[in-house]
Amino acid sequence: MKIAVVGLGYVGLPLCLQFARAGVDVLGLDVDQQKVDALMAGKSYIKHIESAEIAEPVNAGKLKATVDFSRIKESEAIIICVPTPLNKNREPDISYIVDTGKSIAPHMAKGCLVVLESTTYPGTTDEDLREVLEAGSGMKAGKDFHLAFSPEREDPGNPDSKVALIPKVVGGYTPECLQRATDLYGKAIKTIVPVSSCRAAEATKLLENTFRAVNIALVNELKVVYEAMDIDVWEVINAAKTKPFGFMPFYPGPGLGGHCIPIDPFYLTWKAREYGQHTRFIELAGEINTSMPEYVVHRVTEALNSKRKALNGSEILVLGIAYKPNVDDDRESPSYVLLDLLKKRGANVSYHDPFIPVIRPSREHGHYAG
């Protein structure tokens with residue numbers, strides 16, 4: 001079997017490697033020529049993935065990469081793993097999905113399977129993507145080609161997280177589409193979890209990430225409350241997690257980071273408004289989490305004041321730029337907001353992160369010292 005994976009980032013690359021390990025011929029596609037060149041040279045461009053993991057399937061001829069989307073026609077299945085950010089108005093931006101659909105549609109073979117893995121709101125696969133694919137290919141979903149959604153479940157930097165062992169939720173446009181997608185993922189992943197539709201699968205991913213966002217907001221709020229009571233929130237969490245039932249530990253921090261948890265719940269809030277529903281709980285969690293960098297600055301100011309020092313003019317070192325330890329993924333990292341807030345208040349800010357030696361310039365305040 002030969003498949004194509006579109007988007008060779010934090011989701012697409014591990015998926016390519018897992019399918020190649022399972023004996024499937026994989027063609028990776030990306031618009032970034034540098035990624036393609038690195039892949040074909042057997043070199044990794046993601047810190048937590050070793051180059052040896054890439055070189056082995058490349059040298060064995062099981063993994064190839066290209067920027068030529070016309071080669072889609074060689075594949076029996078196409079998996080789309082492209083970004084789904086928010087626009088400047090904090091609304092869903094599915095332009096990467098739509099543009100990818102337009103790029104692959106003219107080259108799709110009859111009977112092929114297209115699976116979307118990018119996190120998005122319910123209805124994207126069977127409405128937006130389907131319409132683009134049908135218009136560009138002249139074929140009909142569920143009749144001439146198969147269509148499905150299967151949400152990514154990546155945990156970058158966690159050595160215990162293996163793609164093959166993470167259960168895979170799959171929803172199809174039709175029962176036959178579901179069967180084709182189940183058969184595909186069954187070649188490389190141990191446990192497949194079929195659901196009734198693409199929309200159910202899309203909603204599953206949003207529930208997973210909203211669950212985390214809301215519970216992180218809860219402990220962030222409790223962090224502030226317990227600080228006022230002179231109670232160590234970390235001690236409380238460590239004690240509470242000894243309960244063997246009915247409790248799951250979440251931990252406070254300077255805000256949310258990564259491509260999923262800070263973004264995905266707002267895909268749901270946006271779509272809910274179409275149905276006259278208001279997701280007050282999710283929106284409140286977002287307010288709490290986005291306020292955390294300001295709270296950190298407040299605590300830093302208090303600490304300096306206790307030493308008769310001002311934040312303005314103080315030397316501040318920020319340890320860690322990525323949104324989690326041991327990864328080079330700085331998307332939506334609250335560290336950038338913290339850097340900006342500190343510098344805006346006159347602090348001389350430096351940073352250190354061994355996985356991100358050079359960071360992007362701040363849009364507001366320019367460069368920082370590494």
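Colleague: Let's start with L184: which residues does L184 touch, leaving out those up to four places away in sequence?

Modeller: Keep in mind that this is a predicted model. With those sequence neighbours left out, L184 touches M1, I3, F19, A77, I79, L113 and V115.

Colleague: And which residues have the most contacts inside the largest nonpolar core?

Modeller: That core has 36 residues, and L184 is on the list of those with the most contacts inside it, along with I3, F19, V26, L63, I79 and Y185. At least two residues each come from β1, α1, α2, α3, β3, β4, β5 and α6 (175-186). The largest share, 6 residues, is supplied by α1. Another core, of 34 residues, lies apart from it and includes F69, I78, L86 and Y267.

Colleague: Where are D230 and N326 found?

Modeller: D230 lies in the loop between α7 and α8, while N326 is in the loop between β9 (315-319) and α12 (334-344). D230 counts as exposed because its relative accessibility is 71%, over the 50% cut-off. N326, at 48%, counts as partly exposed.

Colleague: What about the surface: which residues make the nonpolar patch of about 300 Å²?

Modeller: V225, M229, I231 and V236 make that patch. M229 sits in the loop between α7 (198-228) and α8 (233-240), and is exposed, with a relative accessible area of 52%.

Conventions
Residues are numbered from 1 along each chain as its sequence is written. This is a predicted model: local features need pLDDT of at least 70, side-chain atom pairs count only at pLDDT 80 or more; totals for chains, interfaces and linings use all residues. Side-chain values use heavy atoms; hydrogens and water are left out. Patches are made of residues with over 30% relative accessible area and no salt bridge: like charges are joined within 9 Å, nonpolar side chains (Val, Leu, Ile, Met, Phe, Trp, Tyr) within 5 Å. Accessible areas come from the Shrake-Rupley method with a 1.4 Å probe; for residues, only the protein chains shown count as cover. A salt bridge is a side-chain nitrogen of Lys or Arg within 4 Å of a carboxyl oxygen of Asp or Glu. Helices (H or I, at least four residues) and strands (E, at least two) are DSSP runs, numbered from the N terminus. Buried means under 20% relative accessible area, exposed over 50%, partly exposed in between (1.4 Å probe, protein chains only). A nonpolar core is a set of buried Ala, Val, Leu, Ile, Met, Phe, Trp, Tyr and Cys residues joined through side-chain atoms within 4.5 Å. Contact means heavy atoms within 4.5 Å.
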